[in-house]
Every structure is written in C-alpha cells, then in structure tokens.
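Here is a short report on one protein fold. It covers sheets, helix packing and a pocket.

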Amino acid sequence: MMKMQERQVLLTVVDEKTVNHKAFIVLVKSMKRRSVDIFNEILVLYPNHINLPESFIVTLSNLGVKCRGYRRVFKDDPYGVKFLISSFIEDIGHEFDTIVYADPDHVAFKSMSIRSQEKAFLISSEVEKLSEKDRVALDSVGYLGVDNHYNTSLIIGKYKEWVNITEKWRKVYLDIKDVIDFRFREEIAFSISVLQEGLSLVPVSSEVQGNFQNNYMDCEIFHYGGCYREAMSIKSAIDMENNSLLIDQCVENGVDEDRRKIIEKIDRFLSIIR
C-alpha cells in the first residue's frame with residue numbers, strides 16, 4: 001500500500017503592527033523564490049477583534065496564503081498573541097501531520113528542509129541559559145530545575161505532540177504570570193509544558209536557522225528578530241519600504257563585519273523581491 005504523503009502547514013501570528021504584516025510577506029516571497037512549495041498550506045493567524053488591512057489580505061491571497069482569526073486569550077501581553085497557535089491546534093490542527101510555526105521576521109536564504117521528530121519539538125537555534133532571576137522566580141512557583149531559555153521564533157512539531165501540550169502551555173503561562181516578565185513568559189511556559197509532557201526540545205542547527213546570536217548567514221532561514229540594533233534597522237527598512245536605510249544605518253552604527261555581510265545579503269534580497 002502506498003504511504004500517504006504527510007500534510008504540512010506553516011503558521012505565523014500577527015496583530016495590528018504593519019511591520020509584521022510586511023515582514024511575513026517578505027518571508028513568503030523569499031520562500032517561493034528559494035524552494036518548491038513544501039507546505040500544503042500557509043496560514044496567518046490573527047486576533048479576531050482586529051481588522052487586517054485589505055491590502056495585506058489581498059497580497060496574501062495572491063501568494064496563496066490564507067488568514068484565520070481566533071479570540072485572543074491574553075490581551076495584556078503583546079507576546080501572548082502566539083497562543084492563537086493553540087486555538088488553531090484545537091480547531092483544525094488535526095488536518096495536518098506536521099505544524100511549523102515561524103515568527104514573521106524571517107527571510108529564506110535556501111530551500112527549507114522540514115523534518116519533524118517523534119516525541120520532540122524542533123525549536124529555534126537561539127538557546128541561552130535562563131537568568132538567575134527567572135530561575136529563582138520559577139522555583140518560587142514550583143517549577144524547579146529549569147535551566148535553559150528556548151527561543152520560540154521557530155517551532156516544528158507533529159500534530160500529536162502539539163495537541164498534547166496546548167492546554168498545559170496555557171496553564172503554565174498563568175502559573176508564572178506574576179513572577180516572569182511578559183517579554184519571555186510565553187517562551188518559558190512553552191518549554192516547561194513540553195518537558196513536563198516528557199517530550200524533547202531539540203534546537204535546530206545554525207545551518208537551518210541563522211540569527212544575530214550566531215551571525216550565521218549560510219542557512220535556510222535567517223531570523224532577524226531580538227533586541228539587536230541590526231534587527232531594528234532591518235525592520236525599519238521593511239516597514240518603510242526603503243532599503244537604503246539598511247546600509248546607511250550600518251555605516252552610522254559601525255556594524256561589525258559579520259553582521260554587515262548579513263545585512264547586505266538581506267538588502268540585496270529585498271531589492272529583488274520588491
């Protein structure tokens with residue numbers, strides 16, 4: 001009997017910020033230039049109390065991308081919008097075998113190779129030691145022995161693993177709400193919920209996802225997020241649709257050689273897809 005091909009979906013989440021809308025369009029255009037369509041569907045999830053700009057919806061439709069709105073759960077946390085993923089999982093997640101989430105602020109440099117693992121989530125290559133302050137805070141609410149902070153800009157998992165952790169993800173978030181700052185609360189809650197379900201967190205290699213932590217640009221996708229001035233420059237250029245801002249700000253800020261090469265590569269790519 002012929003084995004049925006796995007169905008894969010790529011998700012992102014957006015709110016009212018137009019820079020995230022424009023950034024995701026850049027990601028989708030870059031993926032379509034670099035690879036065959038490896039995803040059966042690409043979906044943008046958004047809080048259903050907002051109206052997405054018509055121009056954004058039309059551009060997505062022309063790129064074969066669909067939009068789906070859900071009720072926002074944690075309205076007082078700008079990063080809590082990522083919990084729309086759990087609403088999607090509980091709604092129509094069962095239609096897919098592998099569910100890939102990516103923050104809008106990525107650009108594809110190569111064809112993406114997506115291989116989910118059993119009993120594990122593949123996660124961003126950006127991993128740091130949890131701060132002592134946050135470790136003590138987690139200890140105080142009963143989450144002992146949490147050592148690492150896993151970035152959730154990229155998450156790859158099978159549906160059966162996603163469905164096992166969505167409810168716990170929300171519960172852990174609420175448990176740590178009063179002791180962990182909102183900036184990293186969702187990410188820390190995600191890693192705790194995964195590990196408590198007996199699943200593994202496997203950071204992808206820098207060959208899969210580069211970023212300004214590893215300054216690696218020979219990668220499949222590059223994440224230009226985080227609290228880096230270079231990231232701010234790229235987002236400003238995308239938001240204002242003015243590539244010249246990138247090189248100008250590189251010169252003004254004295255960006256180091258490795259990061260300058262990355263920015264120049266992104267600059268060249270933006271010029272091509274516009």
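Strand 11 and strand 12 (residues 221-223) run parallel and are joined by three bridges. Strands, like helices, are DSSP runs numbered from the N terminus: E of at least two residues for strands, H or I of at least four for helices. Two strands count as paired if DSSP finds at least two bridges between them. N211 has H223 in strand 12 as its bridge partner.

The model is predicted: local features need pLDDT of at least 70, side-chain atom pairs count only at pLDDT 80 or more, and totals for chains, interfaces and linings use all residues. Residues are numbered from 1 along each chain as its sequence is written, and side-chain values use heavy atoms, with hydrogens and water left out.

The open sheet here has three strands in the order 5-12-11, with mixed pairing. Its edge strands are strand 5 (106-108) and strand 11 (209-211), each pairing on one side only. From one strand to the next, the twist averages 25 degrees. Angles run from 0 to 180 degrees between N-to-C directions, and axes are lines fitted to C-alpha atoms, for helices over the stretch in contact.

Seven strands form an open sheet in the order 3-2-1-4-9-6-10, and the pairing is mixed. Strand 3 (65-70) and strand 10 (200-203) are the edge strands, each pairing on one side only. The twist averages 25 degrees from one strand to the next.

Strand 1 (residues 8-13) and strand 4 (residues 98-102) run parallel, joined by four bridges. L10 stands opposite V100 in strand 4. Helix 3 (residues 84-92) packs on this sheet. Helix 3 touches strand 1, strand 2 (41-47), strand 3 and strand 4, and its direction makes about 100 degrees with that of strand 3. Contact means heavy atoms within 4.5 Å. Helix 5 (residues 159-176) lies across strand 4, strand 6 (120-123) and strand 9 (154-158). Helix 5 runs at about 110 degrees to strand 9.

## Helix 1 against helix 7

At what angle do the axes of helix 1 and helix 7 cross? They cross at roughly 90 degrees and come within 9 Å. Helix 1 is therefore roughly perpendicular to helix 7, a label for angles of 65 to 115 degrees.

T18, V19, K22, A23 and V26 in helix 1 meet K235, I238 and D239 in helix 7. The residues of this contact divide into four nonpolar, one polar and three charged. Ala, Val, Leu, Ile, Met, Phe, Trp, Tyr, Cys and Pro count as nonpolar, Asp, Glu, Lys and Arg as charged, and the others, Gly among them, as polar.

## The largest pocket

The largest pocket has 33 lining residues. Y79, D103, D105, R183 and G226 lie nearest its centre. The lining divides into 13 nonpolar, nine polar and eleven charged residues. Helix 6 gives the largest share, four residues.

A pocket is an open set of points on a 1 Å grid over the protein atoms alone, where a 1.4 Å probe fits, with protein on both sides within 12 Å along at least five of seven lines; lining residues have an atom within 4 Å of a point.

Note on methods. Angles under 35 degrees count as roughly parallel, over 145 as roughly antiparallel, 65 to 115 as roughly perpendicular and the rest as oblique.
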